[in-house]
Amino acid sequence: MNIHCKGLKCLLPLLVASLVLIGGELLAQSSVEVELTPGGYKIVKNKLNYHIIEMDGYMQGGSPGDPMLPHKVYNILLPPDVDWSSLEMTVLGYQTEELSGTYDIGPAPVPATWVDGKWIFDWGEGKKIVADKNINVYGISASYPEENAALLPYSQLRKWKFTKVDFYPFQYNPVSKTLRLVTRMTIDISYSITPQPLASALADTVMDEYAPQLFYNYPSAKEWYRPTAAPSPIGYDYVIITTNAYVSGSSKLSSFVTHKTNLGHSVLVVTETQYGGLTPQAGSGTAGKIRQWLINNYAAYGIEYVLLIGDPDPDTGDVPMLKCWPRYEYGSNRNSPTDYFVADLTGNWDLDGDTIYGEYNGDRGGGGVDFYAEVFVGRIPVYGDDYTTLDSILQKMINYDNMKGSRTWRKKLLLPEAISNYANEDHKGSTYYRTCGHELADWLMLRLPDMTPYTLYEKSGKDPCPVSCNAPLTRANVRNEWGNGYGMVVWWGHGGDTDAWRKYWATDDGDGVPEAAEMSWVTFFESSDASAAYLDNTKPSWAYLCSCLNGNPDNTNNLGTALLKHGAIATISASRVSWYVIGWGYWGPFGLKGYADNATLGYFMAEKTGALNAPFGKGVFWTKQEVGWGFSGASWMNLMDFNLYGDPSQRICAANPNDIAVGQGPSSVSQAKDFSYSGSALASFKAFTSGNPNGELSVAKGDVTGDGVPEIVVGQRSSGAQSRVAVFAEDGTQLLNFKAFGAANPQGMVNVAVGDVDMDGVGEIVVAQGPGGKSWVKVFDYGNPPALLTTFKAFGAANANGEVRVAAGKTTAVLGEIITGHGHGGSSWVKVWDYATPPSLYSSFKAFGAKNPSGGVDVGMGNFDNDLSGRQLIAVGQGGPGTTAAAAAKSWVKIFNELGTLYDSFKAFGAANASGRVTVDGGQGDDTDVNEEIIVGQGVGGQSWVKVFDYGPPPTFAHSFKAFGAVNAQGQVDVAGKSFCNANWGEDFNDGVANNFYADDSGNWSVSGGELIMIQGDYKNFAWTGAYYNRVYTDFSFSIDVKQVSGPITQSKALLFRGVDIGNTYMFNIADNGVDAKYSLWVRSGGLDYKMLVGWTITPHVNMGLDVWNTLQVICIGPTIAVYANGNLLTTVTDDTFTSGKVGVGAYATTDGDEVHFDNLKFRRGTLGPAAPPPVSSPTKETKETVKKGTPLSGKVN
C-alpha cells in the first residue's frame, strides 16, 4: 500500500491546497491521500461450517448477529496543530471485483455473561435475532457493510494526533450470498491547521519508540513531530500516587523508591498535597483530581509509569477508581470501576457533559474515550491503615527484581481451565456452542513455547473436557500445584468477588440435554487459598483471572487483591462482570481480536508479557489499544474491568541492572567494568594481573554456570599473552581461569563469546584465536577445568591474519549458532555455523566492501526486533578491535539476519572515533522497553565511549556513557550485554545464604565460606539429616559437590531427589572405608521403610577420604533414574515410588560434631538424557579455595 501526503509540513512535495480566512484567522488547508490495497486473502470453512475470510493483519468485524467480515483500522497521523473540526474524508476512487460462487458468511458472535443464576446476552439495540442472525441484515438483499471505509473518531496519544480509518475490503449480500472485493481504494483526508505553540508538546518523546509501529503514514509524517526544543530538565518517568498517610505509615516505600531508582527510573512520590487542591472535571471526585495532576504534568515530566497506592473503592476510597458506565442505558450490569481513567489522559471521558463517565453511547466521539494510554498504570490496593500488607507487597516487588539464583519457575505456565457452558444448555439450540477453557490453554501453549505448561481441565460429570491434561481441575489440585512455583497463571472460569468456580453436568433427567438444575457449581480457588498454607510468596506469579468480579474494589478481600498480597506479583482481574463468547474456540483469539472478549484479552496480555517480556503495564494497555470494540458497550466494559494490581514497570524476566560489560583496549591495564544500562559503574576489576602485557581485553556476558544470572567472560587480547580466558561473577569475583589454546596461537590473543549453542539452557564459552592464529574456534562447557565440546576452523587463507571475532546465540529459532567474522587483514566476511560436533556452515556473507579497509569486523547478536521465537539478529561493526588507527573505517554498524539479508545500518560515532572501528554486541540495554538493544563501543583512537541504540527500525540513539578515562590510553573498548532469564538454577552459597532451602529437624545447617555445612548435633535421635530446595519437580538433572570434613569416612553423603523430607525421598549415597569407594541408591518412604534399588557397590569413580570433593549427579525422566559420580554413569534404574518431589542434600552422621560440606548445586529442568555429561574432574581442596576468593560469608539456612 502506498501513502501520498500533501501539505505544508510534509517531506514529500509541498502542496498548499488553499488558504481560507475563517473568523479573521488564516487557516492552511491540507490533506493526506491514502491508497488502500487489501492484499491476499483465503476463504475457508470454519468449525461451524460457515465461510470465513482470513487476511493477514486484519481482524474479524461485524456487530453481533451481523455478517462477520475482515476489517482493519488504519491510524493516520495528522499535524500536531490540526484543527479537528475541519476533518473530512473523501473517497476519491476505487476498483472492485465480484467473486464467483456463493458463500455462507456466518454471523458475528454474541457476548455473554452469567449473573445471579441466569444468562445475559448483549446483542445490541434494534435487532431481530433468529438462529443467531440479525434478520434486519440477513433478510435484506443489500451489500453489507454499506460503505467500505469509514472515518472513525479522532484520537491522541501524548503528542501524536491521528484519525482512524476503518476499512472493510469485502461486502456481502446475505440473500444472494455473493461477495464483492474492493481491490483498490483511494481516500483523501482533508484538514485545516490552527497555528498554536508546539515546542513543549513536541519535546515529549516518551512514545516515540512506539510510533513507527502504530501509525500507517509514520515515515512521511514523522517530521511533523520532530522536537524543536530540548526536553524539560525535570524528568520523572515513574510516579507513585498515594496519600500522606501511606507515605508516613509505610516503612518500605522509601526502599522501593531507591530500588526503582537503581533500575534507572526517576521516581516522584505524589500525594494529596500536590493533587488535593486541584479542581477535577465535574463529578469525577478524587480520581478526577489525580487525573488532573497527571494531565498537568505527564508531558513536562516525561511520565511513563504510574503506580497508585491506596483504597480503590470508587465510592469511599482515598485513591479511588472511577466508576464508569459503559452500558449505562441497560437495566443491569452497567458500571465498571476502572483505573483506565487515569491512563487515557487526552480523551474526555465525559464527552457529553452529563457527569456520567465512560458511556459507550455518549462519550465515544472525537476527543472522547479512545483507550490510548498516555501512561501505564498499575495499583497496589490498600484498605484502611494496613501498612504491614503494603510493606510486604513492596518488599516482594523489590525481591522479585533482585532475585539471584534460580528463575526456572518464571518459565512455568499454570492453566486451570473450567467449562463455561455446554452445547445446547437449557435447550438453547444448536447454535449454543460448548465453551471450554482448554481452548484458551491450547492457544497459549502454542504462543508460549518456551514455558513449561501444567494443565488442569474439567474431568467430572457427564460430559467432561475431552482433552487430556496433567490433573483434573479441583480446588486441591490448583492449590497444590500452584504451590510448586509458576511464573504465569491464566485461568478461565465463572467467578465472584472472592472465588472462581467450575461447573459440571452432574446429573441428567433422561433427555440428554444439560440443564441448570443438573449442574454442580464448585469453587476451584478462593481468596483464602492465597495464603502461606498453599502458595509460596517468594515465587509470585503474574496471574490473569478470566472470570467475573475477581477484582471488585468494593470488597476488601477480592481475589485479585488477595493474590497480590500472597502468591502473585501482579494480577489482572475484573472489577465487575466480564463478557465472554459462547463457543470461543470456534474463532480463537485472532478471530475475536476485534471484540475484546475476556479470554482474548487474556491471551494477548499473556503473549506480550510472557513471549515479548513486556512490562506488566505495557502488556495490559498495549493489548487494550490493539483490540476492537465489536461488542460495543460489552467491549468497553471488559476494557475498563480488567485492572492491573501490581507494578506496571515490572517484567517476568526482570532486567538486571548490571547489563553491559566493558573491557579495556590496548595500552591499558586489563581492567573490566560492569555497568548499569544508564552508565553507572557497578563493578570494576582487573581481569589479569599478569600475562596480558598490553592490557587489551575481549569480553562477553551470559549465564555459563546455570544459576540464572550472567557471568562476565574475559579473554586476553595482548600480543605476547597466554591465550587465557577468565570467568567472573558480576561483582568481579573470579570463578575460573583456563588456557584455551597452546602454541598454535602464537601471539596468545583470543576473542570470546557466550551463548547457549547446544540449547541446554546454559551458555557455553566460545573462544576464537586472535591475530597470528589460524582461524580456529573452540567451544567449552563451564567447569573446573572446562570441558571442550568442539573445535573447528572458521576461515581459510582469505582471513590472512588468522583472527576470528565471535558471537553465539540463536538465529534460526531452532538451533544454536556460532557467528564468526574476519579479523584485521580479512575481507569483511561473516559466517553462520549451526552448532554440532563439529559445527556445520549454515550461511556466509560479506558485510562490508571497500569502505572497511582493514577487512576486519566485530560481530554481536540480539533479539533486536522482539521476534516471538527468540530468534536473534546479527550486528556487524566495521573494523573491530585493533592496535592501530590506520586504515580508518567510518563507524558503521549493519544488522543482518542469519542469511545475510541486510535489515538496517547506521553510523554509530563521528569524528571522535578516529579510526572509525567499532565493537558491537546486543543485550537488554535498559529496563524500560521489551527490545534488546544494540551496544556499540569505540575502537582505537576513540575516547572509551559506549553507545546504546534502540533497533527501531530505524536504529535510534538511546544513551551513552564513557567507560574509562586516561588509563585506557588508546580509547578502545570491547562491549558485551546479555539477557539472562532461563529455565535452570544453581546455588553456590557465595552470598552467605541457602536461598529457598529448608532443613529437617536434624543436624545444624549453616552457610560459611561459600559452602553449605552440616554439623551433627543430635545423632542419637537424628542420624540422617537433610536440606531441601523448596520446590517440587518431575523431570530434571541435579548435581552437587560434596565432601566430608570430619567423622568416620564410612558414613554416607547423599544427593536427595523427588523427596518430601528425609523419611520420604530417593537417596543417592557415597561412602568409603579407606580401601574401596562405594555407592548405593535407595528409596525411603514412611520414615523407616527402605527399598534398595542398588545395594552398596564398589566403584572406581568416587574419590576417597576426608576433605576430598565429589560431584554427584542424577537425571530423572519419568520412572527412569540415572546416577553419576564425577561425570561417570554408575547405573540406570526404573522405579516409580515417587514421580516428583524436591531435590536436596543429606548425610548420615553417627557422631556429634561430624561435618559435611556441600557446594555448587546445579539444576536443569526437563527432558535431559539419561546420558553421561562430559567428564568433569573433581576439584581439590586447594582449587576450591582458589575459586572462592571473596571474604567468607556465614548465615543460617532460610
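Which hand does the crossing of α10 and α14 have? The crossing of these two helices is right-handed, a crossing being left-handed if the near helix is turned anticlockwise from the far one by less than a right angle, and right-handed if clockwise. The model is predicted, with local features needing pLDDT of at least 70 and side-chain atom pairs counting only at pLDDT 80 or more, while totals for chains, interfaces and linings use all residues. Residues are numbered from 1 along each chain as its sequence is written, and side-chain values use heavy atoms, with hydrogens and water left out.

Two packed helices are described by the angle between their axes and the distance between the axes. Helix α10 (residues 438-447) and α14 have axes that come within 10 Å and cross at roughly 20°. That angle makes α10 roughly parallel to α14. Here, helices (H or I, at least four residues) and strands (E, at least two) are DSSP runs, numbered from the N terminus. Axes are lines fitted to C-alpha atoms, for helices over the stretch in contact, and angles run from 0 to 180 degrees between N-to-C directions. Angles under 35 degrees count as roughly parallel, over 145 as roughly antiparallel, 65 to 115 as roughly perpendicular and the rest as oblique. On the α10 side, Leu440, Trp443, Leu444 and Arg447 meet Ala599, Tyr603, Ala606, Glu607 and Ala611 of α14, where contact means heavy atoms within 4.5 Å.

Helix α14 (residues 598-611) also packs with helix α15 (residues 616-626), at an angle of about 135° and with the axes 8 Å apart. The helices α14 and α15 are therefore oblique to each other. Their crossing is right-handed. From α14, the contact is made by Leu601, Phe604, Met605, Lys608 and Thr609, and from α15 the residues include Phe616, Val620 and Trp622.

The peptide bond from Asn784 to Pro785 is cis, with omega near 5°, and Pro785 is placed in the loop between β45 (776-781) and β46 (787-793). Another cis peptide bond joins Thr837 and Pro838, with omega about 5°; Pro838 is in the loop between β49 (829-834) and β50 (840-846). Asn49 has a phi near 70°, a positive value in a residue other than glycine, and lies in the loop between β4 (42-45) and β5 (51-54). Asn424, also not a glycine, has a positive phi of about 55° and is found in the loop between β24 (419-421) and β25 (435-436).
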